[in-house]
Amino acid sequence: MSTERPEPALTPPADPPASSSAPSRRAFIATSTAIGGTVVAGGLVAGPPPLGAEAAVAAEAAPGSRVSLTVNGVRHTVTIDNRTSLLDLLRERLGLTGAKKGCNAGACGACTVLVDGRRVNSCLTLAVRLESAEVTTVEGLEKGDRLHPLQQAFIDQDAFQCGFCTPGQIVSGVACIQEGHTGSPEEIREWMSGNLCRCGCYVKIERAIEQAAGRK
Amino acid sequence: MSQPQAAVGAAVPRVDARLRVTGQAKYAADNSPDGVVHAVIVDSSVGRGRVTGIDARAAEAQAGVVKVISHLNAPKLPHREPGFPPGEALRPFQDDRVRFFGQPVAVVVATTLETAQHAASLVKVSYDARPPSTDLGAADPADDPETYARGDADRALESADVTLDLAYRMARNHHNPMEPAGTVARWDGDRLTLWEKTQHVQGTVETMAAEFGMSPDKIRVISPAVGGAFGSGGRTWVHTSIAALAAREVKRPVKLVLTRRQTYFGVGYRPAYEYDLRLGSDRRGRLTASVHDVRTESSRYERHSEDVLAAGRMLYSTPHVRQVYGHVPLDVNTPTWMRGPGYSSGAFCVETAMDELAHELGLDPIELRLRNEPSDDESSGLPFSTRRLRDCYRAGAREFGWHRRNPKPRSTRDGDWLIGMGMAAGVYDTARSEAQASVRLDADGTALVQSATSDMGPGTATSMTQVAADALGLTMRQITFRLGDSDLPLAPGHHGSRTMASVGSAVQDGCDKLRRQAITLAVQDEDSPLHGVDPADVAVRGGRLFVKDDPTRGETYRRLLARNDRSHLEALGSYAGAPESERFSFYAYAATFAEVAVDARLGLVRVRRMVGVYDAARIINPRLADSQAIGAMTGGIGQALLEHTVTDHRDGRIVNANLADYLVPTHADMPEMKAIYIEGEDFEADPIGVKGLGEIVIVGVAPAIANAVFNATGRRIRHLPITTEALL
């Protein structure tokens, strides 16, 4: 069941198209989304005037889109800058700071969330392509006051130290269990290797996943 | 400790576990105060020179860009040199000099992160670039090395029965905590609040006060959760000043988080080393002399020093020792402490050399170490407070199955894999610093204990709650421990394994004082069942004060406070830190054992098993201590086999400044690991009897692996990391 939530107060992005002749990555993205037909023309409120940019030419709005997606059972309709990653949408717009930005390049897994049940690096996922998607973050794993069995297993096994990679490890672990990749410690390690932990809690994370998988 | 100890020593779960597994723990970048804007640093693309121009027009033309700040328009800041480390600290946009590749040269502030990132890419910076010098091996050390000598090492080497002349090399390592450094800065009039990633909230206050010429009491630094740091948050780096400066300029709160790439030059690192070591011994393996010639990289604007020489000075009995530690000034950012700083690098050389000597003499490596066990600390002449290194060897050898090791290299195979076993000792000094903790017991029988310390992962709040619970006679659930706020009582930096000894002793002192206050109140209260009892005969458990010999006689804190119409009791605990002149030599010790498998044809090294045994004195929480040790063995695998910051010396660029190319251990790299703590206490060190354990657990891991690689292959690799290429 999802509940409707109005668009939160926005600090809208605004940015003119790239002026260089070579197609930038940002311009490419804008084009792609236009082809996808999801660009909502206009609708962007102008931001505060740029201070210290008196001599600048009048700025144009950055290509933006309206997207509706469900996050942890709550439906959000937001107008976003096309460059926005799912991670930045969650963290900077929706106030869900559980998923972390460790590298912003898909190399560490701290930003792992579920999109339609599959684990993804939210830092590499453009939010505009998630129309109608169901997103689950670490904040969405509890059932009422009850921790998800894997969250409890992380506590039981002391499977974290600083806790920064933990939301990503747990979400990734939930998917690892759902995928059935828990046949042996080696299999768990292999399928969890996209999630780095610098405190070195891997051995205990693997035990926590075994514990939670065994309960299923 | 007149109180029974129930919580201390128990393997209890972390008090803040639920926050961490639900994503509710607030790290610096998770804070977004009202009106926050985003800052992105533009960093230098040359390795040395001057900025000759900054064209910010294209950036400023982006809608949403609030301001671009560089040395061209930044206000001049008052600045006082912090004095440590020696040199001139890097400052936010106060001149046009480029000291290293990646140095911040401008910052873009915009209403959204996307705009700030894009606009930062549009800032055009022109330089008068000069060739940088970044290669440790190609430059000379400064002419004022640190030196140490006892006896006449050079002469003793000439007459030694056996001599080894060894050259070790260690790559630069970056901490790469999962949380990148970042700050959220907000000004309220002339008051500054920072939500900052730091291991030392009050240190950040001092740095900001010095940079902005402010009174420290107008600055508050908040850092309740630190996403790993390993030393990288021990200092306050220039991006923090940049965030504060930007927030003041744009009159809005500013969030500035370094990109992963920027962390490679935005914070320090474990410096690269060249360590030449000559060892002399007699035929029976007793060391007679050692000469240590060490060179390390430092920046040109500051000098970072760490105790890389200690192991060579005091770990083994050696009559003649000479040491030279030279700093090579390079066009790089300043190095800093990284887990087991100095000791970890020194131990790689000393402990590999001991393995080489054992092989040369045909002695078992443990037997060689036992023959050189000193009776006191030969570098200071002081007796050891506690040194249970022999116990570590014994317990480790038994647990690991050391007797199964074939001393002949390249003699054990498992299919394509060559199998080897190695071990190494480790040592780390027991640092203690001045600290305070406030304690407040409320009428409802709960207590609040506070100190401005941090938790980057060891579980500070949990272990402090355990100490407080026993000293107050409360359950852990009745106590809240707060940390990570500079407004709280004095605490040293959360580094150098000093937190438990320092803050823990202050917590115990404060709780003891408060408990005695309550007991005094009770025994003087005619209406108390404890009236007239000798205070020394009263103990507290579960919030109830009682006569030790007659536990039925007593009352609860709640009843005592209610009857006396007290809303609360308060006390301030303190710990003075280590005395200026120590009476003992204080160190924690380790023995690490490793079994590796090396693919005979591919040179691939896999660690199969590790056992670490530690003399860290009293263990407050075995569960947390186990996690620290397993984590350090994991980090040590990185140091031994994977981690290597690579610089392109043509322009000073770090070429692998990301987590795909700077390799760290992953789930798939994990061997079977076991940690054992030798039982014991060290009340000479501090009132709670601990020696610290965050560092000692990594010292010796890399040489244990390197020695196992030698046992497996017969190849002695004298540089870190030991890569596949080195074994082909």
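1. Into which domains is chain B divided? This is a predicted model. Its chain B has domain 1 (17–24 + 432–575), domain 2 (31–131 + 178–228 + 233–266) and domain 3 (273–431 + 582–727).

2. Next, domain 1 of chain B and domain 3 of chain B. Their C-alpha centres lie 38 Å apart. The two domains are in contact, with 17 residues from domain 1 of chain B and 18 residues from domain 3 of chain B.

3. Which helices supply the side of domain 1 of chain B that touches domain 3 of chain B? Helix H12 (460–472) and helix H13 (499–523) of chain B each supply at least two residues. H13(B) gives the most, with five residues. By class, the residues on this side of domain 1 of chain B are four nonpolar, 11 polar and two charged.

4. Now a helix pair in chain B. The axes of helix H9 (residues 343–361) and helix H16 (residues 701–713), both of chain B, come within 8 Å. They cross at roughly 35°. The crossing of H9(B) past H16(B) is right-handed.

5. Which residues make this helix contact? From H9(B) come B:Ala347, B:Phe348, B:Glu351, B:Thr352 and B:Asp355. H16(B) contributes B:Ala702, B:Pro703, B:Ala706, B:Asn707 and B:Phe710.

6. What is the make-up of the contact of H9(B) with H16(B) by class? It has six nonpolar, two polar and two charged residues.

Notes
Residues are numbered from 1 along each chain as its sequence is written. Chains are lettered from A and ligands numbered from 1 in the order in which they are written. This is a predicted model: local features need pLDDT of at least 70, side-chain atom pairs count only at pLDDT 80 or more; totals for chains, interfaces and linings use all residues. Axes are lines fitted to C-alpha atoms, for helices over the stretch in contact, and angles run from 0 to 180 degrees between N-to-C directions. Helices (H or I, at least four residues) and strands (E, at least two) are DSSP runs, numbered from the N terminus. A crossing is left-handed if the near helix is turned anticlockwise from the far one by less than a right angle, and right-handed if clockwise. Two residues are in contact if their C-beta atoms, placed from the backbone, lie within 7 Å. Ala, Val, Leu, Ile, Met, Phe, Trp, Tyr, Cys and Pro count as nonpolar, Asp, Glu, Lys and Arg as charged, and the others, Gly among them, as polar. Domain bounds come from an automatic or database domain assignment.
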